[in-house]
Every structure is written in structure tokens, then in C-alpha cells.
Amino acid sequence: MPADIAVVQRIADRGRNAGAIGDAVFRALTFGFAVLVLLILGGVIVALIDGAWPALRTFGFGFVVTEVWNPVTHKFGALAPIYGTLVTSAIAMLVGIPVAFGVAVFITEICPIWLKRPLATMIELLAAIPSIIYGIWGLFVFAPFVQQYIQPAIIDTFGQVPGIGALFAIILAVMVLPFISSIMRDVFETVPAILKESAYGLGATRGEVVRQIVLPYTRIGVVGGIMLGLGRALGETMAVTFVIGNAHRISASILQPGTTISAALANEFTEADSDIYLSSLIALGFILFIITFIVLAIAKLMLLELQKRAGG
């Protein structure tokens, strides 16, 4: 009997040792992957700074606040692409978020059972469509429709009203809408049914359940989905390039062409025939990187604040 106990003990010791070794290997691998991601990110930052430095050294802070973009005279300013990027993304969010929220609420709270799965699948398929397809649709369908039916009415009414933005931003809204609505739908479905049933049992309406039960329970996921959609809108290239007009200027008219950082890079990177031209384009990419980083940092701070409030 003591010999059997000793054998069992040795087997258990070997199992613990093997488990400890496996845990150590797993920790080392995951730590290595995390460090690799940081190294890649650091390499991207260094490459952007190195490529953008000649333009930043030549133009200084004026590069950010100057609208002029003239490859012939080698005068470059990033204000117009920055303005276009921020305005198009803002309009896309203003249009896309309410519609995406409505779609997600309909699918999770109102939609009949027989329609729920097909509709959710269609939304997910829309989110998977390449952005260039949205750009082609905007160029050959949406833009002619606006030009023929909407533009005349806008010219007669709001043609020169500043601050409204550009209609091409609606293409971005259409593109990010299924992406945000899919995330919202997924997080709405994580709400325990017993919470909603209890609220209905107390006499709450569907709107009250959504406002007082669903949203508080899923607010972290909702904010995360919105920020991911905003990040995609900020960096979108082809869908905007097809319809924005690619003009390096800021206009108060909603009907005038403009540009964004990603569209400028896509259109002009292969045409850069001088070092300062190429450096200016890389500087645009560096600015877009900074804008995206700031947006994601703000999103993270918001999520931490929401988690703190939920915990409190």
C-alpha cells in the first residue's frame, strides 16, 4: 500500500510539473505576441516620423494649419484633408448611429421570430461588403441621383450654408451603419431575458425597457461599437475617393468637392515626384495615425469611466 501511494504521488507530481511548464510556455508565448505587436506599432511610428520629418521640418506647424497644396511650387498644407476627414466622419456618425441603433433595437426587441435571423444575416453581409463597392455605388448611383433630384433643391435653399458638411459623407454612413448595428445587436442580445421580463411584468413599455434596462446593461459595448465604426470611417479610403471630388480646399458649400487624408494618399502617393511631396504625403499619414490614436484613447477613457460607474 505505501508503494502504491508513492506511485500515485509521483504521477501527481509529474502532472503538476507538466502543468507548470505548460503554463510557463503559454505565458511566454502570449507575452512574446504582445511585445511583437508593440514592436510593430513602434516600427510603424518610427517609419512615419522618419518619412514625415522633412516636410514637418520645412513647413513646421504651418503644415497643419495651411490649406495650400501645390505640388508644382512645392507648397503643402494639411488643413483641407484634416478638415475633410473630420467632417465626413462626423456626418457619417450623425447619420449612421441613430439608424444603426434603430436597426439593432428592431432586430432584438420588435422583429418577428421568422424574420429575425434572415434580417440579421443580411446586416452582417452588408458589413462584409468591401468599401470599394460602396464607392462604386456612390459614384454611379447615389451621385447621379443627388445631382438630378436633390442638388437643385439644395441650391435653391441651403446651397451656401456653412457647417452642414458634404453629401458624400452619407456614403460613409451607409458603409459603417451595418458594422455598428451588428455590434449593437450582438451586445443587446447579451441582456438577460429575466431582466426585460421583470420590467415588462412591472408594466414598463418597450421604450422604457430599452432605455432603462437594455442601454444601461450594454452601454460599454455600445460605446465600443460606435468608436470602432468611427475608427473605420476616419481611415476609409476607396469609398470616399470615388465620390469626394479630390479637391484640396475648404468650402462652405455642401455641393463643392473636397478631400480627406486617406483619399489624398490613395490618389497622389504614386504621383509624388519629389522628396518633399512624398514626405508631405507621409506626414498626412502620420497625422491620420495621431487622429485615430486620439479617438481610440478617448474611447478607452470613456469605457473605463462607464465601467467605474457601473461598478460604483
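Buried here means under 20% relative accessible area. The model shown in these views is predicted.

**View 1. F76 and Y277 form a stacked aromatic pair.** Both residues are buried. Their ring centres lie 5.1 Å apart, with 15 degrees between the planes. F76 belongs to strand β2 and Y277 to helix α11 (residues 275-311), so this pair ties together parts 201 residues apart in sequence.

**View 2. F59 meets F76 edge-to-face.** The model has six aromatic pairs. In the F59 and F76 pair, the ring centres are 6.2 Å apart and the planes stand at 80 degrees, so the geometry is edge-to-face. F59 sits in helix α1 (residues 2-59) and F76 in strand β2, so the link spans 17 residues in sequence. F59 and F76 are buried. Ring pairs join F59, F63, W69, F76 and Y277 into a cluster.

**View 3. H74 has a positive phi.** The angle is near 60 degrees, and the residue is not a glycine. H74 lies in the loop between β1 (69-70) and β2 (75-76). H74 is partly exposed, at a relative accessible area of 35%.

**View 4. Helix α3 (residues 79-110) crosses helix α4 (residues 113-128).** Their axes come within 9 Å and cross at roughly 150 degrees. Angles over 145 degrees count as roughly antiparallel, so α3 is roughly antiparallel to α4. The crossing of α3 past α4 is left-handed. From α3, V103, F106, I107 and T108 meet K116, L119, A120 and I123 of α4. The residues of this contact divide into six nonpolar, one polar and one charged.

Methods. Residues numbered from 1 in each chain as written. Predicted model: local features only at pLDDT ≥ 70, side-chain atom pairs only at ≥ 80, totals over all residues. Heavy atoms only, no water. Helix = DSSP H or I, 4+ residues; strand = E, 2+ residues; numbered from the N terminus. Buried < 20%, exposed > 50% of the residue type's maximum accessible area, 1.4 Å probe, protein only. Axes fitted to C-alpha atoms, helices over the stretch in contact; angles between N-to-C directions. Parallel < 35°, antiparallel > 145°, perpendicular 65-115°, else oblique. Left-handed = near helix turned anticlockwise from the far one by under 90°. Contact = heavy atoms within 4.5 Å. Nonpolar A, V, L, I, M, F, W, Y, C, P; charged D, E, K, R; others polar. Phe/Tyr/Trp six-rings, centres within 6.5 Å; stacked < 30°, edge-to-face > 60°.
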